[in-house]
Structures are given as structure tokens and as C-alpha cells.
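Keep the viewer open as you read.

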Amino acid sequence: MSTVNNAVRVAALSLLTTAALTLGLVPAASATPPSIPSTATAKAELAALSVAADGPMTGYSRDLFPHWSTVSGSCNTRETVLKRDGTNVVVDSSCAATSGRWYSPYDGATWTAASDVDIDHVVPLAAAWRSGARNWTTAKRQQFANDLSGPQLIAVTDNVNQAKGDQTPATWKPPLTSYWCTYAKMWTRTKHKWALTVNTSEKTALQDMLGRC
């Protein structure tokens, strides 16, 4: 095939892909937080976690986990994750997303309005509090609530995130069972990275979910 013909073919494929995305024939890219471990690593990290009963919620407040900190310029953590997890995201001068597409791997829905998307703390702030974060400094809790280096933050459908609340995998899992493996890997990596404990039912649920990988 000549160089010219090949260039024409590549250009045509690019136009077709763009048109398909515009028409909704191709889903937006799935949210992909960083540092999701392999199955073997996740199982090893889960085995290494300390097992303990949940601590009390006494004294808990979301204000003790300052979140959506400024990342760069006028962009905060939420806006940074929206850009990372979305496709063709356009922002205004204040870094607010004005357009884009977001595919929520929890439920398989695709959204074109940022207002329909929440940034989920994979390990909820209250769950972290019950499993060790109550003993942290506020500065450390802020780092946890804005952790962009691990798989702790992900863009998902807002009402699915709200239905999850502060539940662990023992009582809540993503509606799409095909995502349970990845979800368990993200949850386990976050708990391991931050040296948080797991309770017995939570560990059993994670083992079952990793068994699907």
C-alpha cells in the first residue's frame, strides 16, 4: 500500500471514529484510576491487611477530610479526575467541565453533563474513619481524600455513588458484576497503601470478588 493511500485510510478511520463518538455509537473511555494492582498483587495485599472490627463513628465529620484541594492553577481534585476519566473534556477559565463524555464503569452508563457525575472515594471517608483514619492528623486525611496517585478516586454516575454511601464491599458492590474484580483491586490497594484495617465480612467479600478475576 502506498504512503498516500495509507494516510488516506488512517484519516478516514479517524473521521469514522469521531463520527461514531459524536453519535454515541462508541462509549466514552472508561474511567481508569492509576496504580490498579494485578490480581496476584491484590490478593497478596489483602492477605497482608490487619483484620479488626470497625471502630466507632464518634467524632466523624467529612470536614475532617478536606477534599477537592487545588491541584494546579484553578483546577481542584474533582475537576482533575473529571478530565482524567472523561473523553474530549472541555473546561472553562475556572477549570469547570463544560462538555465531555464520561463512562461510569460501576453501572455502564455514559453521561455528557459533568453534573451527572460524582467523584467516588473508592474507600469512603467514613469507612476509612472506622478502619483507622480517626487516628490520623487532618493533614493526612486531606492527602487521603485527594489521593490522585492511587486508585482511590473515580468518576461514576452520581446516584450510584450516592446509593453506595459509606458501605464496604460486604454490603455494596458495583451494579455491573463484570467490574467487581477491578473494584476489589482498587479497594484493596487503597486500604493497603494507607494501612487501614478490614473487618471479617469485608475481607471475605473482597476474596470472593478477587476470585472472579
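How many disulfides does a search of the whole structure find? The search turns up 2 disulfides, where a disulfide is a pair of cysteine sulfur atoms within 2.5 Å. Before looking at them, please note that this is a predicted model, in which local features need pLDDT of at least 70 and side-chain atom pairs count only at pLDDT 80 or more, while totals for chains, interfaces and linings use all residues. Residues are numbered from 1 along each chain as its sequence is written, and side-chain values use heavy atoms, with hydrogens and water left out.

Start with C75 and C95, which are joined by a disulfide with an S to S distance of 2.0 Å. The link is right-handed, with 95 degrees about the S-S bond. This pair ties together distant parts of the chain, 20 residues apart: C75 sits in strand β2 (residues 75-76), and C95 lies in the loop between β3 (87-91) and β4 (97-104). Helices (H or I, at least four residues) and strands (E, at least two) are DSSP runs, numbered from the N terminus. C75 counts as buried at 13% relative accessibility, and C95 is buried with a relative accessible area of 3%; buried means under 20% relative accessible area, exposed over 50%, and partly exposed in between, using a 1.4 Å probe and protein chains only.

The other bond is formed by C181 and C213, whose sulfur atoms are 2.0 Å apart. With 110 degrees about the S-S bond, this link is right-handed. C181 belongs to helix α7 and C213 to the segment after α8, so the pair links distant parts of the chain, 32 residues apart, and C181 counts as buried because its relative accessibility is 12%. C213, at 42%, counts as partly exposed. Numbering the bonded cysteines in sequence order gives the pairing 1-2, 3-4.

Now to the interior. A nonpolar core is a set of buried Ala, Val, Leu, Ile, Met, Phe, Trp, Tyr and Cys residues joined through side-chain atoms within 4.5 Å. The largest one has 32 residues, and those with the most contacts inside it are F65, Y106, F144, I154 and Y183. Among the elements that each supply at least two residues are α2 (39-48), β7 (153-157) and α8 (200-210). Helix α7 gives the largest share, 5 residues.

Zoom in on F65: leaving aside residues up to four places away in sequence, its contacts (heavy atoms within 4.5 Å) include L125, W129, R141 and F144. A second, separate core of 8 residues includes L82, A114, V117 and I119.
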